[in-house]
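Hi,

Here is the structure I promised to pass on to you. Have a look at it first, and then read on for what turned up in it.

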Amino acid sequence: MKLFYFHAAGDVPDNFSADSAVVIDVLRATTTIAWALNNGAEAIQTFTELEELKNESLKWPSDKRVLVGERGGKKIDGFDIGNSPLGVTPDVVKGKRIFMSTTNGTRALNRVRDVSNLLTLSLPNRSAIGKKLLVDLPSTVCILGSGWEGSYSLEDSLAAGSLGAFLLADHSGSINVGNDELNAALALWDLWKENIEGCLRIASHGQRLAGIANHDDDFACCAELDMLSVVPFQSEPGVLRAY
Ligand code: MLT
């Protein structure tokens, strides 16, 4: 298994081909996805365009749909909830279709939606995703961060390093690092693995969230490692379900 990490959707070369993709948006889209599926959401349907999301959601009964989204870290007007993993509690999401759009996370998902096996990673389900990859044994994995508006994000790289470290520890003989972006992510993980929340807080998007409002509970939730067993996968283009 050869692992490649790219910082944001625009960094994946046009001709790059992978048989698995792992999308990361630690703060906060893929953490919210993991928690929503863990809490019983029927599926998460993701959109980059808000008009398309609104039109699609209207095809579902109002008591079976939840609109989740943010722009710039703030809840979108008219949506049911923002993009906080703390908002997708069982009473809000159980049995419901989540219609989701976020600033960067849903764009990263869109970039690799044609990859046959697409998973989403957050720190809480890091080992669940690692174990799934060790069962599937894809030959090439595209680990894709969401970044911020096309640029690097510290927290996504930290999570990419955490996944790389998990895989290398478990199967070092047959796991290869494919690019220096992943070497750097592994070094970042080594540096911060004892203070994950501290890393999230110094990250530029962490500071953006802290500047909007108190997000202490979001930081704590997004920094929790290996406590969910849920494996979100793309069952059809743009739709994520739990294995
Ligand atoms: C994003 O997609 O950029 C994020 O998930 C933003 C956030 O909700 O903090």
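A residue is called near a molecule if one of its heavy atoms lies within 4 Å of that molecule. Keep in mind that this is a predicted model.

Let's begin with the ligand. There are 13 residues around the ligand, and N83, T102, N104, G105 and H205 come nearest. A polar side-chain atom of N104 is 2.7 Å from an oxygen atom of the ligand. R28 also takes part, with a side-chain N or O atom 2.9 Å from a ligand oxygen. From T103, a backbone N or O atom lies 3.4 Å from an oxygen atom of the ligand. How much of the ligand does the protein bury? On its own the ligand exposes 270 Å², and the protein buries 100% of that. The space that the ligand takes up is the largest cavity.

R28 sits in the loop between β2 (20-24) and α1 (29-38), and a cis peptide bond with omega of about 5 degrees joins L27 and R28.

Next, is T48 buried or exposed? T48 counts as buried because its relative accessibility is 16%, and the cut-off for buried is under 20%. You will find T48 in the loop between β3 (43-46) and α2 (50-57). Leaving out residues up to four places away in sequence, T48 touches R71, S101, T106, R107 and N110.

Finally, look at E149, a residue other than glycine with a positive phi, near 45 degrees. E149 lies in the loop between β8 (140-145) and α6 (154-171) and is exposed, with a relative accessible area of 62%.

Enjoy exploring!

How values were computed: Residues are numbered from 1 along each chain as its sequence is written. This is a predicted model: local features need pLDDT of at least 70, side-chain atom pairs count only at pLDDT 80 or more; totals for chains, interfaces and linings use all residues. Side-chain values use heavy atoms; hydrogens and water are left out. Helices (H or I, at least four residues) and strands (E, at least two) are DSSP runs, numbered from the N terminus. Buried means under 20% relative accessible area, exposed over 50%, partly exposed in between (1.4 Å probe, protein chains only). Contact means heavy atoms within 4.5 Å. A polar contact is a pair of N or O atoms within 3.5 Å; within protein, one must be able to donate a hydrogen and the other to accept it, and residues adjacent in sequence count only if both atoms are side-chain atoms. Accessible areas come from the Shrake-Rupley method with a 1.4 Å probe; for residues, only the protein chains shown count as cover. On a 1 Å grid over the protein atoms alone, a cavity is a set of points where a 1.4 Å probe fits but cannot get out, and a pocket is an open set with protein on both sides within 12 Å along at least five of seven lines; lining residues have an atom within 4 Å of a point. A molecule sits in a cavity or pocket if more than half of its atoms lie within 2 Å of its grid points.
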